[in-house]
Amino acid sequence: MMLVTMLTAVWLVTIVGGFAVLANHSLSPGRQHRPPRHWPAASVIACSATSASLVMFIHPDCPCALASLGELDRLIARHADRLHVSLLVYERLSNQPRRQPPPAVNGVSMILDVGGREALRFGAATSGQVALYDAAGLLQFNGGITVARGHAGDSDGTAAIDAILRGEEPAVRQTPVFGCSIVDHDRRP
Amino acid sequence: MIGVPESMSTYVIRCNSPADLQVRAAALFQEHQERLHARTDRLFAVLLSVQWLAGIAVALWISPRAWSGSSSEVHPHVWAAIFLAAAIDSLPIALAIFAPGKTLTRHTIAVAQMSTSAMLIHLSGGRIEAHFHIFGSLAFLALYRDWRVLITASAVVTVDHLIRSAFWPQSVFGVLQPAWWRWLEHAGWVMFEDVILIYSCIKGTDELRQIARRTAELEEANACFEFRVDQQTQALKQGEAELRLAKEAAEVANQAKSEFLANMSHEIRTPLTAILGYCDVLREDGIIERAPPSRIQTIDTIRRAGEHLLSVINDVLDLSKIEAGKLETELIETPLPRILLEVDSLMRPRLASGEVQLHTFLETPAPDRIFSDPTRLRQILVNLVGNAAKFTERGSIDLSARVDRSGRAPQLLLAVQDTGLGMTPEQADCLFRPFTQADSSVTRKHGGTGLGLTICRRLARLMGGDVRLDYSRPGEGTRFVVELPLMEAPDSQLIADLESCSKERTRGRDQAPTTLSGRILLAEDGDDNRRLITFHLARAGAEVEVAENGELALELLEAAWRTNRPFDLLITDIQMPVMDGYTLAQTLRARDRDIPIVALTAHAMTEDRRKCLEAGCDDYATKPIDKLALLATCQRWIEQGRTRHGMASDLKKTMQHAALPVAARHEALRSELADDPDLAELVNRFVSSLDGKVARMRARFAGEEASELAVLAHQLKGAGGGYGFPAISEAAGRLEACINHGEDAGRIETSLTELAAQCDRATAGHRRLGEAVCDDSDREYAS
């Protein structure tokens, strides 16, 4: 009986520990660099002069990108006339085939970021990172728009973008990003 | 208390015990619950295993790898699906296998199942659809019909939500800052389902308890039933054993009774023989007319009393034999007119002098010869006429015969009608009951044992018929009718009256022998009977020697043969010390001694007669001795013996000319009717048909057609004696008896061979006779 009780206790601890590890992983953000304060001139993407420009970088095979794209879709739905969105999808230099094609988002032009050059220009290191510039090309917000890896839903990031686009002062201008590393210099998922 | 099936071995059923019923119902419920829990444990073990594999598959599909640019590694969710899920499932699956049905097992399973739900929700990124897994799991857990398991599962959900709402509300509520009561709302929805499921569990459990109660009641009813059946079976077995013992005791008692009756028969008849015999001697010795009338009257009284005593003994013995099923009737050729006339002449002297007339007649033409049992038929008629004579003081008694051919089978109806006292219906109701007469006054006035009519009816039924009271009225008389199946003998003739037969009878009585010539050896152990029989035989002119037992008789016989002065006849008692009559006859036949043997026995039944004949005797005479019958029997066999020897002597001469085997010549049979020229042709035809008859019997035997063989044997038995071959009749009778007694094939074959030998002897004897006649004719012609 004692053995069974001990086993049961160990089992319960294992389950709780396992969930804790799982939660820790989900809540651990990826590496993050600050994007340039002004829209990079070398970028192949043009900054909109009439509306805010939002750039999102994703790794096409990152499982967490689906949640970020889902949130982006909802943002566009709310601010379609005030927001110019560019979705940059990381493209390998080699001819390695993609596991799956990058997901499409309504009204968004998808741009292949071969070798992650644009990501380097915008300082994006983690899939799902977003940079928001105003019509003047000044950085207004950067970070992720999910609260955990692969978890859709309300987040501080979307709330900040919503506020900026409404002309209000956001609660935060930078949030952590949850996703895989876009480039090889950071292999941490 | 009785045993129960192995599955209930821990429980013992007591018939009619309410306390035990309750305990049994609880045990059954518990047993069912354990089976249900164990079965559900196994189901969840399978489900957890399937979920584990499915989780791995989903993880591999949704998030197989974690990327860093162009390089990747296995995604942590895959490891979680493999190892964390394995950790979750390991203990409950192990418990389901090794401790099924235990409380801990199902609660562990509940925790594991809800943890799996939590992991699934987490790995799917908090998709709302994944929450249905929780509700499905709760419903599945309700299969346990244990509401506590639902509480445990719900507690896991609640705790999970509580923790998540504290540290990561967005993962369960979808918003960053949910209201504080949101976790209660989620738990409330779970509780909503729980309430329904718990209610269902409680109701289901109640139903299970009721089922267990009914099952216990059914078991108890069955057990009670089995217990009672067992008790009754034991009682039946005991009763059967007692019955068997009683039957064995009854059989032993019956055997003892039979032996007693046989001994009584011998012990009473033997002195009666002397009493009645010496009465005759006294009546015939000297000049009886000179004796005082009172002495003659005394002698007659002794004679009458002896005869009455003999009659009573015979009745008692007959009834005993009938009731024991040991009395057999014969079916042989019977001269019907002669039987009627014999009864007439026997009963006429007993009628009230001058006041009562006896008329014997045929109502319709009747066959002169039928197949029946003459002894028993005579006994029935004597009894009925005797009864009529007893109750008729004046008027008449009619003994009549009639053939009724109106039915499916012809019947012989023998009626005895008197003009006597008659009976009231109440008195008539008492008829045919043993030891019962119309009323006790009858016994006082008329005597008798009350057995007569009973015996008559039993005998008639044994013969395939019946005796019934046709009518009876007080003061008008009585009429009894004997109904018998009519079986006419072959070549029988219809006769219209008894006149011609009456002449034949008279001639027969006139021919009763009064003298005998020849040497007779009498083997008899009783002094009285030995002296009496010797007296009768010697007085008739025979030369008589006596032996006190079979062994002495055998010595005398052998000595006579050695000195070439053989005896012409052996009369032997059956029951004797040292060597009995059966053994004596068997020994003589075994030594091939050809001497006529007449058995003398107080055992007057058919089977006694058969035993005598089977032992090798040629005839038998019953005790008490009927002097005339004995003398006639002796004369017949002495003459037959001489004829046999004479024929043997003739054959001895003939055999010098014929090449027949010695045995066949020695055993050749000659018809007793061979000297009657009127019958020669009939006898010739009969003998000529014997080969065919034997061949048919052999064919029936080979074809195992016992009943047909018995019919053929029966026919030959009836016909043989009629054509002057009693040996054939006897051999055929033995064959028939063998078949009817169901003896084995070997015995039947032996009897058949014996009969065939007798037929061969008859055929050979007839041929020898023909050849001898031819030889004589030739010699006469030559001379």
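These exercises work through a predicted model, with a solution after each task.

**Exercise 1. The site at H714(B)**

Task: Find which helix holds H714(B), decide whether H714(B) is buried or exposed, and list what H714(B) touches.

Solution: 
- Step 1. Start with the record. UniProt, in an unreviewed entry, places "modified residue: Phosphohistidine" at H714(B).
- Step 2. Locate the residue. H714(B) sits in helix α22 of chain B, residues 706-722.
- Step 3. Check accessibility. The relative accessibility of H714(B) is 11%. Buried means under 20%. H714(B) therefore counts as buried.
- Step 4. List the contacts. Leaving out residues up to four places away in sequence, H714(B) touches L331(B), F371(B) and E736(B).

**Exercise 2. Helix α17 of chain B**

Task: Describe the start of α17(B), its buried residues, and what follows α17(B).

Solution: 
- Step 1. Begin at the start. A side-chain oxygen of D580(B) comes to within 3.3 Å of the backbone nitrogen of Y582(B).
- Step 2. Go along the helix, residues 581-590. Its buried residues are G581(B), Y582(B), L584(B), A585(B), T587(B) and L588(B).
- Step 3. D592(B) follows α17(B), and the phi of D592(B) is positive, near 60°.

**Exercise 3. Where chain A meets chain B**

Task: Describe the contact between chain A and chain B by residues, area, polar links and make-up.

Solution: 
- Step 1. Count residues. In chain A, 40 residues are in contact with 40 residues of chain B.
- Step 2. Take the area. Interface size is often given as accessible area lost when the parts come together. Chain A and chain B bury about 3000 Å² between them, with 66% of it on carbon and sulfur atoms.
- Step 3. Count the links. There are 0 salt bridges between chain A and chain B. Polar contact joins 8 residue pairs, both residues at pLDDT 80 or more.
- Step 4. Turn to the chain A side. Helix α1 of chain A, residues 2-27, gives the largest share, 14 residues.
- Step 5. Sort that side by class. It has 19 nonpolar, 12 polar and 9 charged residues.

Technical notes:
Residues are numbered from 1 along each chain as its sequence is written. Chains are lettered from A and ligands numbered from 1 in the order in which they are written. This is a predicted model: local features need pLDDT of at least 70, side-chain atom pairs count only at pLDDT 80 or more; totals for chains, interfaces and linings use all residues. Side-chain values use heavy atoms; hydrogens and water are left out. UniProt positions are given in the numbering used here, feature names are shortened, and annotations may be inferred rather than shown by experiment. Helices (H or I, at least four residues) and strands (E, at least two) are DSSP runs, numbered from the N terminus. Buried means under 20% relative accessible area, exposed over 50%, partly exposed in between (1.4 Å probe, protein chains only). Contact means heavy atoms within 4.5 Å. Buried area is the accessible area (1.4 Å probe) that two parts lose on being put together, summed over both. A salt bridge is a side-chain nitrogen of Lys or Arg within 4 Å of a carboxyl oxygen of Asp or Glu. A polar contact is a pair of N or O atoms within 3.5 Å; within protein, one must be able to donate a hydrogen and the other to accept it, and residues adjacent in sequence count only if both atoms are side-chain atoms. Ala, Val, Leu, Ile, Met, Phe, Trp, Tyr, Cys and Pro count as nonpolar, Asp, Glu, Lys and Arg as charged, and the others, Gly among them, as polar.
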